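Trainee: I have a structure open and would like to learn how to read it. Could you walk me through it?

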Amino acid sequence: SWSISLLLFAKLIQFQPNWSQSKQSGLLALKYFSVGALLLGLSLAYLSYSAKGILVSDCIQAFNPNHPLSLVAIIMMMLSFCIFSGLWPFHKWLLS
């Protein structure tokens with residue numbers, strides 16, 4: 001639901017169709033929100049696959065910090081949170 005609300009937010013940025021900066025800012029937001037949604041989806045898919053369930057408690061119990069793919073999934077999840085909250089790439093958001 002977080003991803004869907006951010007995609008709607010990107011469309012809201014493009015509200016002024018005759019203003020080119022609005023369109024460029026909306027496309028930039030859409031690009032980064034899509035990347036964040038993809039990273040979050042892949043990390044959650046891997047964690048739920050490795051836990052053989054979709055509950056958070058199952059994922060926590062099955063998490064193995066010694067397995068490299070588990071660490072990659074956690075890093076992807078943290079990166080998606082940074083993208084969704086506007087922390088990364090801040091220089092692109094600031095210029096837009």
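Trainee: Is Ile13 buried, partly exposed or exposed?

Mentor: Before that, a word on conventions. This is a predicted model, where local features need pLDDT of at least 70 and side-chain atom pairs count only at pLDDT 80 or more, while totals for chains, interfaces and linings use all residues. Residues are numbered from 1 along each chain as its sequence is written, and side-chain values use heavy atoms, with hydrogens and water left out. Now the classes: buried means under 20% relative accessible area, exposed means over 50%, and partly exposed is in between (1.4 Å probe, protein chains only). Ile13 has a relative accessibility of 27%, so it counts as partly exposed.

Trainee: Which helix holds Ile13, and which residues is Ile13 in contact with?

Mentor: Helices (H or I, at least four residues) and strands (E, at least two) are DSSP runs, numbered from the N terminus. Ile13 belongs to helix 1, residues 2-13. Contact means heavy atoms within 4.5 Å. Setting aside neighbours within four places in sequence, Ile13 is in contact with Ser22, Ser25, Gly26 and Ala29.

Trainee: How do I read the faces of a helix?

Mentor: An α-helix has 3.6 residues a turn, so residues three or four places apart point the same way. Take helix 4: Ser70, Ala73, Met76, Met77, Ser80, Ile83 and Phe84 are buried there. These residues cover an arc of only 145° around the axis (from the directions from the helix axis to the C-beta atoms), which puts them on the same side of helix 4. On the other side, Pro68, Ile75 and Met78 are exposed.

Trainee: What span does helix 4 reach, and what follows helix 4?

Mentor: The expected span is 1.5 Å times one less than the number of residues. Helix 4 (residues 68-84) has 17 residues and reaches 24 Å from its first C-alpha to its last, close to the expected 24 Å. Gly86 follows helix 4, with a positive phi near 85°.

Trainee: And what is the overall picture?

Mentor: The protein has five helices and zero strands, in the pattern α-α-α-α-α along the sequence. Its radius of gyration is 16 Å, well over the 12 Å that the globule rule gives for 96 residues, so the protein is more spread out than a compact globule. Here the radius is taken over C-alpha atoms, and the rule is 2.2 Å times the number of residues to the power 0.38. The C-alpha trace spans about 50 × 25 × 15 Å along its principal axes. Of the 96 residues, 29% count as buried.
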